[in-house]
Amino acid sequence: MKSKTIAFSLQKGGVGKSTISGVASFLLSQKGYKVLHVDMDSQANSTQLLTEVEDATETFDERDVLEAIKQQNPHPFILNISENLDILPSTDYLATLDQFLFNEFNQSPGVALFNIIEKIREAYDFIIVDTPPALSILTINSLFAADYVVIPTNLEKFSYNAIERFLGTVQEVNEFKTEQVNSSIEVLGILRSMHDKRRSDNKIFSDMLEETYQDALFETIIHRRATTGRLPIFGFQGNTELPSAVRQHRSFIEELIQRV
Ligand SMILES: Nc1ncnc2c1ncn2[C@@H]1O[C@H](COP(=O)(O)OP(=O)(O)OP(=O)(O)O)[C@@H](O)[C@H]1O
Ligand SMILES: [Mg+2]
C-alpha cells in the first residue's frame, strides 16, 4: 500500500481535531496498518493522549517534531508507542517554529515538514497529522505535507463559517504545492463532531452542512460522549471504557479507508 499522509485540520478550537486524529492513529494501528502520528500543535494534546505522559514539554524537550524539522531529519526523534504506532511528539517549544522557518531555514517556510515526511513515508501506511486551531505556518506546513485533509467541525455557527475560508486556504496551499512538487492535496471530507442531541442548533448546522457540502461530508457523526471526553484521563492502555470511547470513531475509520 502506498503511504497516505492525512492532516486533521480547521482553524477553530475545540472541534475534536486532537481526539479524532489520535483515535484514528490508534485504530488504524490496531487494524494492522503501520502508522506515524505527527503532532503539529504546541498544545501537545494528541501527544499526551497517545503517549499518556503528564508533561509533554518536560518529557520530549529537544526530542520533538520541532527538533526533527530543525535538523531536517526525523529518524532520531520518532518514538514507538505500541505495535504499529509511532509518534513525532510535540512540546510547548513548537510555538517557536515560525522564528526558525522565517529566519534560519533556507527554503520556503511552508515545505519544512514535507521534507522530513518524504524521508520516512515509505515506512508507513498512514501518517496522521494533528494541527493547531489557526491558519499559522504550522498549519500551512501540515497541509503542504498532506495528501489528504479531514476537516473536523463542531455544529456551531463560528465553525460553519470557518470552513469556507479553510477550503480557500487548502486551495492556495494546493496551488503552491502543485507548482513546487507537482502533487496535490485532496479534501477527504468534513467530519461532524461534538454533536449534542439536546441542542437544536446542532441539528440545524448539521443539516446546513449537508445542504452545502453534500458528498464531501462523512456520513458518520461523532457525538459528545462522556467516555470519549475522558480518554485523556484513562488513555488507551488498560482503559476499561475504551470500547465505548472509540465506538463511534470506528465507522469514520471505515469511511476514511474507503475514501483514500
Ligand atoms: N466526542 C467527544 N465527546 C466528548 N468530549 C470530547 C469528544 N471529543 C473530544 N472531546 C473533548 O473536548 C475537548 C476538545 O477536544 P479536542 O482537544 O480533541 O479538540 P481540538 O479541536 O483538538 O482542540 P484545539 O483546537 O484546542 O486543539 C477535549 O477536552 C476533549 O477531551
Ligand atoms: Mg487539538
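Ligand first, keeping in mind that this is a predicted model. I started with valine 15: one of its backbone N or O atoms sits 2.9 Å from an oxygen atom of ligand 1. Next I checked serine 18, where a polar backbone atom is 2.8 Å from an oxygen atom of ligand 1.

Then I looked up how covered the ligand is. On its own ligand 1 exposes 630 Å², and the protein buries 79% of that.

Who lines it? I count 20 residues around ligand 1, with Lys17, Ser18, Thr19, His223 and Arg225 the closest. Helix 1, strand 8 (217–223) and helix 10 (226–229) are the elements that each supply two or more residues to this shell. Helix 1 gives the most, three residues. By type, the shell splits into ten polar, five nonpolar and five charged residues.

Helix 1 (residues 17–30) packs on helix 12 (residues 242–259) at about 80°, with the axes 9 Å apart. That angle makes the two helices roughly perpendicular.

I listed the contact too. Helix 1 brings Ile20, Val23, Ala24, Phe26, Leu27 and Leu28. From helix 12 come Leu242, Val246, His249, Arg250, Phe252, Ile253, Leu256 and Ile257. What is the make-up of this contact by nonpolar, polar and charged residues? I get twelve nonpolar, one polar and one charged.

Conventions
Residues are numbered from 1 along each chain as its sequence is written. Chains are lettered from A and ligands numbered from 1 in the order in which they are written. This is a predicted model: local features need pLDDT of at least 70, side-chain atom pairs count only at pLDDT 80 or more; totals for chains, interfaces and linings use all residues. Side-chain values use heavy atoms; hydrogens and water are left out. Axes are lines fitted to C-alpha atoms, for helices over the stretch in contact, and angles run from 0 to 180 degrees between N-to-C directions. Helices (H or I, at least four residues) and strands (E, at least two) are DSSP runs, numbered from the N terminus. Angles under 35 degrees count as roughly parallel, over 145 as roughly antiparallel, 65 to 115 as roughly perpendicular and the rest as oblique. Contact means heavy atoms within 4.5 Å. Ala, Val, Leu, Ile, Met, Phe, Trp, Tyr, Cys and Pro count as nonpolar, Asp, Glu, Lys and Arg as charged, and the others, Gly among them, as polar. A residue is near a molecule or strand if one of its heavy atoms lies within 4 Å of it. A polar contact is a pair of N or O atoms within 3.5 Å; within protein, one must be able to donate a hydrogen and the other to accept it, and residues adjacent in sequence count only if both atoms are side-chain atoms. Accessible areas come from the Shrake-Rupley method with a 1.4 Å probe; for residues, only the protein chains shown count as cover.
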